[in-house]
Amino acid sequence: MTAHARDRQPGRTDGPTRGGAPVFSRSGFDRSALERGDDGLVLRLRADASSRVLVVRGDRAQTDADGSLRYRRADEVRGDAQWAFLGRSADGAALLAAVLDPDGPPDPDRDEEAAWTSVRTAGAHLSAQDADALVTAVALGRWLREAPFCPACGNPTRVRSSGWARVCDACGREHFPRTDPAVIMTVESASHPDRLLLGSNVLWGPDRYSCFAGFVEAGESAEAAVARELREEAGIAVRDVRYRSSQAWPYPRSLMLGFRAVADDDLARPDGDEIAAVRWFTRDEIGRALRRGAWDDRTDGEGIRLPGPASIAHRLIADWHAETA
């Protein structure tokens, strides 16, 4: 599984290409988990005019012309939404998620007022609070919509903890939102430290390259997963595996754990199954691609198109370039 994201022309200048943590690793609001145990919390907050509601459909939310998230009042949300308490904003206002069926009919009174934008597209341009709220609402919302039955006995479950848990009245089990750990990594050359190995997924065009990535298997450490994925996808052994940063990524429910590793040799080869091509890029090639921007559909003559600025893949590549430049 290779990470990649498609992104639009940026509207702000505080995106991840300028350094700092990946977009969706920033803590932007108080999750206020101790409030979740109040069974009447969501209903009370829906009646509070100061509450801010983020409406999501699948991986999309509405954004205004300046790229910021559109929040609503609870009475502006139609009746078939599923609700959850996200937490509190910096000024103490309650943040709620209203989760709509992504395949449901549009709301003619609301849907045309602002653009529906995906996590991939909106993420790089949001404030820390909005980015955190969006990725949390999408991840939690998908679980609420997609996991209504008990995986142990198959009976319907009941939502509890203000949207953060489900209980099965038939067998008594309690279930929580699932998060799958995945590793994603940059690989540098031991003999040529200004070279970086990237791969092109079989589902992409030949000019798109990104980091290697894959899910952590049962009983496996993250570091072991890095070595295994690179051996499987690129045919190389690595050493000096170092953790860099992490990022939530709700496609569908991943926590991306970012690493950097050093290849034992430069004889990389694609597996031909998930990875169509592998290539060592020089520092100058990476720098040109970063300066042009992943949102630009043109290539730079070298066939390099990097992942978009909302992704941790972009952050890992940009950090490597900054540290070696």
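Me: Is aspartate 38 buried, partly exposed or exposed, and what is its relative accessibility?
Reply: Good place to start! This is a predicted model, where local features need pLDDT of at least 70, side-chain atom pairs count only at pLDDT 80 or more, and totals for chains, interfaces and linings use all residues. Residues are numbered from 1 along each chain as its sequence is written, and side-chain values use heavy atoms, with hydrogens and water left out. Buried means under 20% relative accessible area, exposed means over 50%, and partly exposed lies in between (1.4 Å probe, protein chains only), so aspartate 38 counts as partly exposed, at 29%.

Me: Which residue forms a salt bridge with aspartate 38?
Reply: A salt bridge is a side-chain nitrogen of Lys or Arg within 4 Å of a carboxyl oxygen of Asp or Glu. Here the closest N and O atoms are 2.4 Å apart. The partner is partly exposed, at 49% relative accessibility, and its name is arginine 44.

Me: How many salt bridges does the structure hold?
Reply: The pair of aspartate 38 and arginine 44 forms a salt bridge. For the structure, the number is 24.

Me: Where does glutamate 146 lie, the residue that meets arginine 253 in a salt bridge?
Reply: The two side chains come to 3.4 Å, N to O. This pair links distant parts of the chain, 107 residues apart, with arginine 253 in the loop between strand E12 (238-249) and strand E13 (254-263). Helices (H or I, at least four residues) and strands (E, at least two) are DSSP runs, numbered from the N terminus. Glutamate 146 lies in helix H3 (residues 128-146).

Me: Which helix holds both arginine 228 and glutamate 232?
Reply: These two form a salt bridge, with their closest N and O atoms 3.3 Å apart. Arginine 228 is buried, at 9%, while glutamate 232 is partly exposed, at 40%. They sit 4 residues apart, about one turn of the helix, and that helix is H4 (residues 222-234).

Me: What is the C-alpha to C-alpha distance between proline 309 and arginine 120?
Reply: Proline 309 has its place in the loop between helix H5 (283-292) and helix H6 (312-324). Proline 309 counts as buried, at 4% relative accessibility. In sequence, proline 309 and arginine 120 are 189 residues apart, and in space their C-alpha atoms are separated by 8.7 Å.
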